[in-house]
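Visitor: Please pick one part of this structure and go through it closely. I would like to know what sits there and what lies around it.

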2 protein chains.
Amino acid sequence: MPTLSEENYLKAIFHLGYGHSDGVSTNAIAYKMDTKASSATDMVKKLAEKQLVNYKKYQGAKLTEQGRQAAVAVIRKHRLWETFLVEKLNFSWDEVHQVAEQLEHVESEKLIDELDAYLDFPKFDPHGHPIPDKNGHIHKTEKLKLSQAPIPNTYICVGVNDSSAEFLQYLDKIGIALGTPIKVLSKEVFDESLTISIGGGQVHISKLVASNLYVNFNH
Amino acid sequence: MPTLSEENYLKAIFHLGYGHSDGVSTNAIAYKMDTKASSATDMVKKLAEKQLVNYKKYQGAKLTEQGRQAAVAVIRKHRLWETFLVEKLNFSWDEVHQVAEQLEHVESEKLIDELDAYLDFPKFDPHGHPIPDKNGHIHKTEKLKLSQAPIPNTYICVGVNDSSAEFLQYLDKIGIALGTPIKVLSKEVFDESLTISIGGGQVHISKLVASNLYVNFNH
DNA sequence: ATTTATTTTTAGGGTTGACTAAATAATTCT
DNA sequence: AGAATTATTTAGTCAACCCTAAAAATAAAT
Ligand SMILES: [Mn+2]
Ligand SMILES: [Mn+2]
Ligand SMILES: [Mn+2]
Ligand SMILES: [Mn+2]
């Protein structure tokens, strides 16, 4: 079994490599893990020895199938715990990440299976992220970044890209939660900021904010 | 904050020193922690530096008030998690210890407070052990070891001293759970084994078993 | 095509928490 | 008391994971 630290690296490599076919650079890993490039190199070597990643010097790391399974298992635990915290323990969506970051490393297959059942097999976590199933399969859903959505149109917020407390609290403040209808009124050509309407009120959001919001068509 | 390893040592010292007024020997700590005496000495020194224990060479370790608070906080978390696993996730009392051993180290005050509330502020864990409150106070209850209980008489099982899976599964097998009435019929003078009656059936248990069972008068 | 800048790796350490083996203190036995 | 046994500490290593500084490789700029 991977150590706690290895699990965190695997998760980082998974997220950084998602969608891309080339290796994840040690620099990118180090940045995401809030550590130094030399530490990332060391860890990547260790993961390679354990057959969890493929690694060639100067070419970055790519998860093996075994590594992907391990990464997805941790992500599954992370998202189930986040769901538990919000659904059962009155946590808000901006409070769960830090705690789930610890809970995700608890080792017990029964624990996670029972938790899954207790939560009634949720498909998405409190940030709209899909919860991988027991076999490591991640259900793909249609969604697009609000920054790339055609306007004018009305969408439904289905997820966030950034799960930081700062961003989520900002969304709380302007009245956006999962399921909130967002009517996009106009886009400023200069900075691609958007004027949107939420529950009657009108709000102006930056491109950065819009690019961290996932929406779906309101069909 | 204590590290994970320090927390485990603090807990061990708390349990070993419970009731006794002299220091806990490094040997005893090592045995309980399943490690070597030299490792225990190292750790005790570190805990002493952090003011969590008082330690003088060759005189064992005693928790300071600060150390006791830290130990009890971990025990509180351990027992709340065990309760959660049994009450909500269909774990049996012989399956919870190992998992709680990991969960007890998750750091989040809100988590443990909410868990406490979610479980409706339980007073005892699945093994009949008292759950310390938020202030570190442990509610004392009357109880005695079945091996020391006057006979003949009828008692109620209120707890176990040994929480190992082997012992708990043995109790399952002979039909003893928390709350089970136990009628003690006779004690063998030779080995102090007991003949008891549980729900109609008659069972013979060793002194060792009886000394690991806590009972209360059936009043 | 060089030179310059950036990225990545290597070399050398530090810390935590283990271990073995050896030394020393405390205890028990005769 | 003196000797033998046991308990405890010290000394010296080790592995995991991190660090800084320097070297080497790659990428970018002139
Ligand atoms: Mn983590
Ligand atoms: Mn999430
Ligand atoms: Mn533990
Ligand atoms: Mn217990």
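**The helix contact and its surroundings**

Guide: In helix H1 of chain B, the residues Glu7(B), Leu10(B), Lys11(B), Phe14(B) and His15(B) are in contact (heavy atoms within 4.5 Å) with Gly67(B), Arg68(B), Ala70(B), Ala71(B), Val72(B), Val74(B), Ile75(B), Lys77(B), His78(B) and Arg79(B) in helix H4 of chain B. Seven of these residues are nonpolar, three polar and five charged; Ala, Val, Leu, Ile, Met, Phe, Trp, Tyr, Cys and Pro count as nonpolar, Asp, Glu, Lys and Arg as charged, and the others, Gly among them, as polar.

The model is predicted, so local features need pLDDT of at least 70 and side-chain atom pairs pLDDT 80 or more, while totals for chains, interfaces and linings use all residues. Residues are numbered from 1 along each chain as its sequence is written, chains are lettered from A and ligands numbered from 1 in the order written, and side-chain values use heavy atoms, without hydrogens and water.

H1(B) covers residues 4-17 and H4(B) residues 65-88; their axes (lines fitted to C-alpha atoms over the stretch in contact) are 9 Å apart, at an angle of about 95°. H1(B) is therefore roughly perpendicular (65 to 115 degrees) to H4(B).

H1 of chain B also takes part in the surface near DNA strand C (a heavy atom within 4 Å). H1 and helix H3 (37-49) of chain B, with helix H2 (26-33) and helix H3 (37-49) of chain A, each supply at least two residues there. Of the atoms of DNA strand C within 4 Å of the protein, 83% belong to sugar or phosphate and the rest to bases.

Both chains place polar side-chain atoms by phosphate oxygens of DNA strand C: one of Lys57(A) at 2.6 Å, one of Lys36(B) at 2.9 Å and one of Thr26(A) at 3.0 Å.

Finally, the two chains themselves. Chain A is superposed on chain B by a rotation of 180° with 0.0 Å of shift along its axis (RMSD 0.1 Å). The two copies are thus related as by a two-fold rotation axis. In chain A, Leu103(A) comes closest to that axis, with its C-alpha at 3.7 Å. The copies meet through the same surface, because 100% of the interface residues of chain A are also interface residues in chain B.

Key:
Least-squares fit on C-alpha atoms with pLDDT ≥ 70 in both. Axes fitted to C-alpha atoms, helices over the stretch in contact; angles between N-to-C directions. Parallel < 35°, antiparallel > 145°, perpendicular 65-115°, else oblique. Polar contact = N/O pair within 3.5 Å; in protein donor to acceptor, adjacent residues only side chain to side chain.
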